[in-house]
Amino acid sequence: MKARTILAILIIGIFILCTLNAGFVSITEVELNPAGSDSGNEWVELYSKKEISLDKWKLVNQDDGEIILNFSFSDYYVFEFESQWLDNKDEKVCLIDAEGDEVDCTEVFADSVNNDKTWQLCDGDWFLIEESDGKKNDCESISEREENEDREDETVNEDDENEINKKPNYENLT
């Protein structure tokens with residue numbers, strides 16, 4: 001009986017450790033189309049709560065281009081590409097560990113405007129907003145913008161409703 005209990009505790013412990021390490025590193029921001037030239041100005045932001053070595057890890061893009069990584073970091077790290085590496089449409093970036101396992105992958109992105117907006121991960125969804133490279137993403141601006149859009153929608157709906165409820169003016173009809 002004690003052996004089974006110990007075995008069960010060990011299995012649960014291993015499962016918990018594997019689960020904790022699964023989301024250890026994530027891609028949190030991607031600059032596809034920076035202001036000016038793309039070459040040397042595109043980048044990907046990675047995040048890890050703890051120090052981690054990315055020795056022999058790689059970034060892979062939608063065209064199966066690969067960049068081998070060889071550095072350690074914690075917190076936010078901005079990896080800058082030396083030349084144009086990301087496409088402005090139909091682009092995706094994946095982080096692959098040294099064993100060849102996919103650790104994280106973005107959605108497929110498009111960014112047709114040369115500006116300072118980047119694709120940022122906020123609460124599990126990706127948004128194209130003003131860049132925040134090297135620091136926490138500005139997810140609060142998204143909820144503020146959504147609240148403002150909701151207010152605008154309500155205003156438009158009220159105006160539409162007022163238009164609909166207006167009585168026709170038959171006085172000027174001939």
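**Figure 1. F71, F73, Y77, F79, F81 and W85 gather into one aromatic cluster.** This first close-up comes from a predicted model, as do the views that follow. Across the protein, the count of aromatic pairs comes to nine. One of them joins F81 and W85, whose rings are stacked, with 4.7 Å from centre to centre and 25° between the planes. Both partners are tucked away: F81 is buried, and W85 is buried too.

**Figure 2. F109 and W126 make an edge-to-face aromatic pair.** Here the ring centres sit 5.0 Å apart, and the planes meet at 65°, so the pair counts as edge-to-face because the angle is over 60 degrees. The two residues come from distant parts of the chain, 17 residues apart. F109 belongs to the loop between strand 7 (102–105) and strand 8 (117–122), while W126 is part of strand 9 (residues 125–130). How accessible is F109? Its relative accessible area is 3%, and because buried means under 20%, F109 counts as buried.

Figure 3. Two helices and nine strands make up the protein. Read from the N terminus, the order of elements is α-β-β-β-β-β-β-β-β-β-α. The protein has 174 residues, of which 31% count as buried. If you look at contacts between residues at least 6 apart in sequence, 53% of them join residues at least 24 apart.

**Figure 4. L54 and L69 have the most contacts inside the largest nonpolar core.** This core holds 24 residues. Strand 1 (25–31), strand 2 (43–53), strand 5 (72–80) and strand 6 (93–96) each contribute at least two residues to the core. In soluble globular proteins, nonpolar side chains tend to be buried together. Which residues does L69 contact, once neighbours within four places in sequence are set aside? The partners of L69 are L54, D55, K56, W57, K58, L59, F79 and L95.

**Figure 5. K58 and E66 meet in a salt bridge.** The distance from N to O between these two side chains is 3.3 Å. For the protein, the salt bridge count comes to one. Side chains of opposite charge can pair when their charged atoms come close. E66 has a relative accessibility of 47%, so E66 is classed as partly exposed, a class that lies between 20% and 50%.

**Figure 6. K56 and D75 both show a positive phi without being glycine.** The phi of K56 is near 70°, and that of D75 is about 70°. K56 sits in the loop between strand 2 and strand 3 (58–61), whereas D75 is located in strand 5. Are these residues buried or exposed? K56 has 59% relative accessibility, and because exposed means over 50%, K56 counts as exposed. D75 has a relative accessible area of 42%, so D75 is partly exposed.

**Figure 7. L32 is a buried residue in the loop between strand 1 and strand 2.** The relative accessible area of L32 is 0%, so L32 counts as buried. Leaving out residues up to four places away in sequence, L32 touches D38, E42, L86, D87, N88, E91, F109, A110, D111 and W119. F109, seen in the aromatic pair with W126, is among these contacts of L32. Between the C-alpha atoms of L32 and W43 there are 7.4 Å, with 11 residues separating the two along the chain.

**Figure 8. L128 of strand 9 and T118, compared in sequence and in space.** L128 and T118 are 10 residues apart along the sequence, and 5.3 Å lie between their C-alpha atoms. With 26% relative accessibility, L128 is partly exposed.

Figure 9. Rolling a probe the size of a water molecule over the atoms shows where empty space is left. What lines this pocket? The lining consists of S26, T28, Y47, Y76, L121, D123, K136, N137, C139 and E140. Strand 1 and helix 2 (139–165) each provide at least two of the lining residues.

How values were computed:
Residues are numbered from 1 along each chain as its sequence is written. This is a predicted model: local features need pLDDT of at least 70, side-chain atom pairs count only at pLDDT 80 or more; totals for chains, interfaces and linings use all residues. Side-chain values use heavy atoms; hydrogens and water are left out. Rings of Phe, Tyr and Trp (its six-membered ring) pair if their centres lie within 6.5 Å; planes under 30 degrees apart count as stacked, over 60 as edge-to-face and the rest as tilted. Buried means under 20% relative accessible area, exposed over 50%, partly exposed in between (1.4 Å probe, protein chains only). Helices (H or I, at least four residues) and strands (E, at least two) are DSSP runs, numbered from the N terminus. A salt bridge is a side-chain nitrogen of Lys or Arg within 4 Å of a carboxyl oxygen of Asp or Glu. A nonpolar core is a set of buried Ala, Val, Leu, Ile, Met, Phe, Trp, Tyr and Cys residues joined through side-chain atoms within 4.5 Å. Contact means heavy atoms within 4.5 Å. On a 1 Å grid over the protein atoms alone, a cavity is a set of points where a 1.4 Å probe fits but cannot get out, and a pocket is an open set with protein on both sides within 12 Å along at least five of seven lines; lining residues have an atom within 4 Å of a point.
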